[in-house]
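I opened this notebook to record what I looked up in the structure. The entries follow the order in which I consulted it.

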Amino acid sequence: MKKTKALTFLVTLVMLSSAIGGCASGTTTTTVATNATETTTAVNSESQATDAATTPEETISSEPVTISLLNTKSEIQTQLEDAAKAFNLQNPNITVEVIISTGTPFEKLTAMYASDSAPTIAMLDGGDLAKIKDRVVDLSSEKWVSDTSFIEECKVDGTLVSFPLVVEGVGLIYNKAVLEKAGVDPAAITTQVALEDALIKIEATGVAGAVICKEDWSLGNHLSVIPYTNTSRAAADVKTVLADLKAGTLDLTQDKAWNGFVDTLDILMKYNLNKETPLNNDYNKSNEAIATGKAGFLFQGVWAWPDFVKVNADINNFGYIPYPISNDAADICNTSIQVGATKFLVIDKDQNSVDQQIAAKRFLNWLVYDPAGQTAIVTNAQCISPFTNVTIAPENPLAKSVASYIQSGNILVFTGNLCPSDHWSVLGGQWQKYVSGNTDRASVAKEIMTYWQNAD
Amino acid sequence: MTIRLLLAFIGNGGRCPMKSKFNKDSFINQLIFTGPTIFIFSSVVLLSFVFGVYLTFTNWDGISASMSFVGMENYLAVMSDSKLWSSLILTIQYVFFTVTIANALAFFLAYALTTKLKGSNLVRAGFFIPNLIGGIIMGVLWNMIFNYVLVPFGMQMNWPIFQVSWVNDEKMALWALITVSVWQSMGYLMIIYVAGFMSVPKELLEAGSVDGANGFVKLKKIIMPLMVPSFVICLFISTKGGFMVYDVNKSLTAGGPYNSSELISYHIYQTAFMRQDFGKGQAEALLLFLIVMVVTLTQTSLMKKMEVEM
């Protein structure tokens with residue numbers, strides 16, 4: 001009897017410990033193999049010197065340090081993993097683990113902070129910065145601050161809390177081959193009338209004039225904010241417009257810019273591919289449609305290039321035109337596209353040690369100043385760098401087009417960064433309803449104004 | 001003290017432990033067998049529940065380092081949130097249709113498959129397989145079927161009902177969810193009903209035949225009353241599953257089109273994580289818990305009274 005009791009106890013103990021063992025935290029999905037034996041030819045005495053110059057007082061221990069990077073830009077996951085490996089070659093005692101996250105950054109971050117496994121570096125959207133400001137390191141004394149003009153959007157209440165990773169743009173993408181066949185010159189489209197003209201000409205060749213991507217984040221955060229950007233090129237003025245919406249003093253139904261924007265949307269809807277089933281055009285389908293030449297125009301961001309490349313890698317075939325909201329040359333929306341820093345890296349100080357924070361700062365410096373880091377972001381991930389010292393630029397036509405708009409100064413405020421985190425899911429739904437013809441502009445205006453008045 | 005009583009209560013098969021002598025040996029045995037489960041249950045379920053209730057009185061957004069007490073503000077906001085109540089009504093409709101259709105189909109399938117036909121085991125397995133596919137994959141699969149298979153099919157056959165994809169249509173999105181859930185749960189419920197059918201003693205059925213009862217009368221008077229326990233289980237599982245559904249909702253419609261098919265779990269998730277209003281989300285989750293508890297307890301206690309002893 002005694003033996004059976006002891007055996008029972010032992011078995012239970014084993015079961016219990018295996019159950020608890022299964023609960024051990026294992027949030028990392030990729031580990032970068034340290035390859036310290038590989039001699040690094042250009043351990044880059046320059047980069048070392050730069051590092052020493054930036055943080056002379058911040059010496060890191062010689063113990064191996066592992067930091068984690070939460071990547072919320074799924075299309076550049078492999079490129080970031082390669083960057084982590086390259087960084088590790090130059091800094092053998094620092095390992096960077098890149099964690100992929102689909103869904104919004106906030107969702108993943110909440111779970112990670114709650115389980116005490118917050119990533120050292122997290123990639124956030126503009127609207128998330130305010131919530132996280134108490135948990136992150138102040139980056140105002142970093143060297144790269146003086147090397148970029150995209151710094152205001154990285155601040156919360158005047159404190160610099162984040163690092164701008166990429167600069168992106170949104171506008172009307174055109175398929176050059178389709179336009180050439182229809183005899184349309186994209187550079188001449190700076191008014192509503194010219195746009196409609198172009199659409200009619202394209203339809204005459206048997207191709208749909210445009211395709212509208214139905215995703216709520218696209219319609220809500222990128223498309224529907226265009227009229228607000230018409231105020232001026234300064235972020236402060238656009239913020240005033242949003243503040244007016246919150247206060248209830250701006251009536252959209254009477255606003256010329258807003259009505260002009262909806263008029264253009266009506267025009268695009270008229271020539272939309274699959275206009276009987278507009279909600280079938282999700283992100284992948286709409287990218288495929290324009291890349292394969294089934295439509296002439298698509299309103300989308302520069303991040304869509306990886307999808308385009310899968311079906312049509314002709315790098316001279318695409319570009320951006322502005323989304324015109326009127327026939328008035330004075331409206332800046334008719335000649336410019338929204339451009340701005342879109343992904344922000346923050347360094348956590350609550351659940352990561354000082355050594356990890358220093359290692360993270362090193363990684364950020366490496367991304368800016370080291371040729372390997374610059375290559376990772378610009379050449380491999382095909383993203384535009386926000387830093388002026390970076391001389392290389394991505395080769396894809398969408399990024400080149402955005403760069404030319406930056407060059408000429410014809411840029412609008414990237415207003416998606418200024419909207420609350422649920423702006424796209426609530427209002428994007430309303431615009432989906434509008435695009436599928438199930439609601440009218442007065443109702444949408446009412447929904448927008450109600451949303452802003454209830455936002456905190 | 002309460003844990004000891006609880007253990008002793010369980011150990012005594014639900015009878016009052018005070019009446020029998022407290023046996024130290026058997027108590028240790030009870031502790032060994034139920035202790036780990038109780039420990040895991042308390043730490044994972046109970047503690048989270050208590051913390052959740054605590055959160056309902058704060059205005060935490062899920063990630064800030066600071067939060068402050070706001071008293072009953074979240075509960076008041078929950079009561080006045082019209083979107084929550086419309087989600088709840090939608091969920092009740094969904095539960096009603098899913099439970100009735102799935103159970104009816106499963107029952108008749110089980111009845112048809114309890115004959116000793118040659119292929120009946122294979123057919124049973126075939127109907128059970130949808131249950132093995134996870135909710136997310138099912139939602140993605142059916143999303144593609146609704147969008148890219150049924151729409152061209154409807155265009156070809158000129159059936160207007162399929163010409164607009166169900167998941168993109170306000171009125172049909174709920175039916176898309178119901179269809180997928182019924183398809184998934186039908187097999188599982190069928191298995192339980194099959195087990196119920198098997199447990200009906202053959203002698204009673206034969207006695208009924210001898211007395212001149214035909215198939216339908218046998219079904220109504222003998223099989224149904226003896227299968228009430230199976231009904232209790234199946235109704236409980238399908239009701240609870242229906243109220244708590246999230247994965248199919250997310251992958252099939254994502255609350256769309258334009259937030260018109262947000263069932264209540266989805267709505268709670270959106271409040272907590274999208275609107276970053278954790279306190280209010282928790283309050284809504286607590287409300288859902290109470291509703292499901294009331295519904296399922298009522299259902300099980302009512303049906304237990306219908307159980308027939310042989």
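The entries below concern the model, its chains and the packing of some helices.

**Conventions.** I note that this is a predicted model, in which local features need pLDDT of at least 70 and side-chain atom pairs count only at pLDDT 80 or more, while totals for chains, interfaces and linings use all residues. Residues are numbered from 1 along each chain as its sequence is written, and chains are lettered from A and ligands numbered from 1 in the order in which they are written.

**Chain B overall.** I looked up the secondary structure of chain B and found 14 helices and 0 strands; helices (H or I, at least four residues) and strands (E, at least two) are DSSP runs, numbered from the N terminus. The C-alpha atoms of chain B fill a box of roughly 75 × 75 × 30 Å along the principal axes. Of its 310 residues, 30% count as buried (20 or more other C-beta atoms within 10 Å of the residue's own, with C-beta atoms placed from the backbone).

**Where chain B meets chain A.** I found 21 residues of chain B in contact with 26 residues of chain A (contact: C-beta atoms, placed from the backbone, within 7 Å). Helix 2 of chain B gives the most to this side of chain B, with 3 residues. The residues on the chain B side divide into 11 nonpolar, 8 polar and 2 charged; Ala, Val, Leu, Ile, Met, Phe, Trp, Tyr, Cys and Pro count as nonpolar, Asp, Glu, Lys and Arg as charged, and the others, Gly among them, as polar.

**Helix 11 of chain B and its partners.** I first consulted helix 8 (residues 173–198) of chain B, whose axis comes within 9 Å of that of helix 11 (residues 228–244) of chain B and crosses it at roughly 165 degrees. Axes are lines fitted to C-alpha atoms, for helices over the stretch in contact, and angles run from 0 to 180 degrees between N-to-C directions. Helix 8 and helix 11 of chain B are therefore roughly antiparallel (angles over 145 degrees). Their contact includes Leu189(B) and Ile192(B) of helix 8 and Ile233(B) and Cys234(B) of helix 11. No charged residue takes part, and the contact holds 6 nonpolar and 5 polar residues.

I then turned to helix 14 (residues 278–304) of chain B, which packs with helix 11 of chain B at about 170 degrees, the axes 10 Å apart. This pair, too, is roughly antiparallel. Here the contact has 10 nonpolar, 4 polar and 2 charged residues.

**A helix of chain A.** Lastly, I found that 14 of the 16 residues of helix 14 of chain A are buried, so this helix is largely enclosed by the rest of the structure.

Key. Contact = placed C-beta atoms within 7 Å. Parallel < 35°, antiparallel > 145°, perpendicular 65-115°, else oblique. Buried ≥ 20, exposed ≤ 12 C-beta atoms within 10 Å, placed from the backbone.
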